[in-house]
Amino acid sequence: MISCHLAYGINNVLTVVPLLRFIENNNIQTLSKHTFRGLKALTHLSLSNNKLQILPRDLFRHLDLLTDLDLRGNALHCDCKIKWLVEWLSKTNTSVSPVYCANPPELHGHILQDLSVQDFNCISAGQGTLQRMSKINL
């Protein structure tokens, strides 16, 4: 992991070097929704080549300065729990490398950025989102 955030004065001018965070190739399986709390100056974030399948809702919510995000090399499960990310990707100005879905089988190999919220058949239940189950006629 490399982290860099420097502030220094040159001729009484304060210069801030953007915060960079590389958390790649660490076999990370889960993240808390508070993982990046307090890192408002974060501009570049790489979570590539970990074992992330889902990302907590609003994980990037307060990262207003984020310009680059790399999620490649994770086996994302593209279901209702990640629908929020599809919404975020459609609204953000952050540059995000193509992210491929590993599951469910019908979305395996699809690029997450090519999906729309309509591709998810979800129902809301309180704070969470659930996959709508098909009724089986007996």
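I note that the model is predicted.

*Entry: the Cys78 to Cys101 link.* I checked the distance next and found 2.0 Å from S to S for Cys78 and Cys101.

*Entry: For my own record, a disulfide is a covalent bond between the sulfur atoms of two cysteines.

*Entry: the other link.* I located the disulfide of Cys80 and Cys122, where the sulfur atoms are 1.9 Å apart. I read a torsion of -95° about the S-S bond of Cys80 and Cys122, and this link is left-handed. Cys80 is placed in the loop between E7 and H1, while Cys122 belongs to strand E10 (residues 122–125), so this pair ties together parts that are 42 residues apart in sequence. I looked up burial here too. Cys80 has a relative accessible area of 4% and is buried. Cys122 comes out at 16%, which is under the 20% cut-off, so I list Cys122 as buried.

*Entry: the pattern.* Which pattern do the disulfides follow, with bonded cysteines counted along the chain? I wrote down 1-3, 2-4.

*Entry: Asn50.* I moved on to Asn50 and asked where this residue lies. Asn50 is in the loop between strand E5 (42–46) and strand E6 (68–70). I found Asn50 buried, with a relative accessible area of 6%.

What do polar atoms of the Asn50 side chain lie close enough to for a polar contact? I found the backbone nitrogen of Asn26 at 2.9 Å from a polar atom of that side chain. I also found the backbone nitrogen of Ile28, at 3.1 Å from a polar atom of the Asn50 side chain.

I then listed what Asn50 touches, leaving out residues up to four places away in sequence. The list includes Ile23, Glu24, Asn25, Asn26, Asn27 and Ile28. Gly73 and Asn74 are also on the list for Asn50.

Methods: Residues numbered from 1 in each chain as written. Predicted model: local features only at pLDDT ≥ 70, side-chain atom pairs only at ≥ 80, totals over all residues. Heavy atoms only, no water. Disulfide = S-S within 2.5 Å. Helix = DSSP H or I, 4+ residues; strand = E, 2+ residues; numbered from the N terminus. Buried < 20%, exposed > 50% of the residue type's maximum accessible area, 1.4 Å probe, protein only. Polar contact = N/O pair within 3.5 Å; in protein donor to acceptor, adjacent residues only side chain to side chain. Contact = heavy atoms within 4.5 Å.
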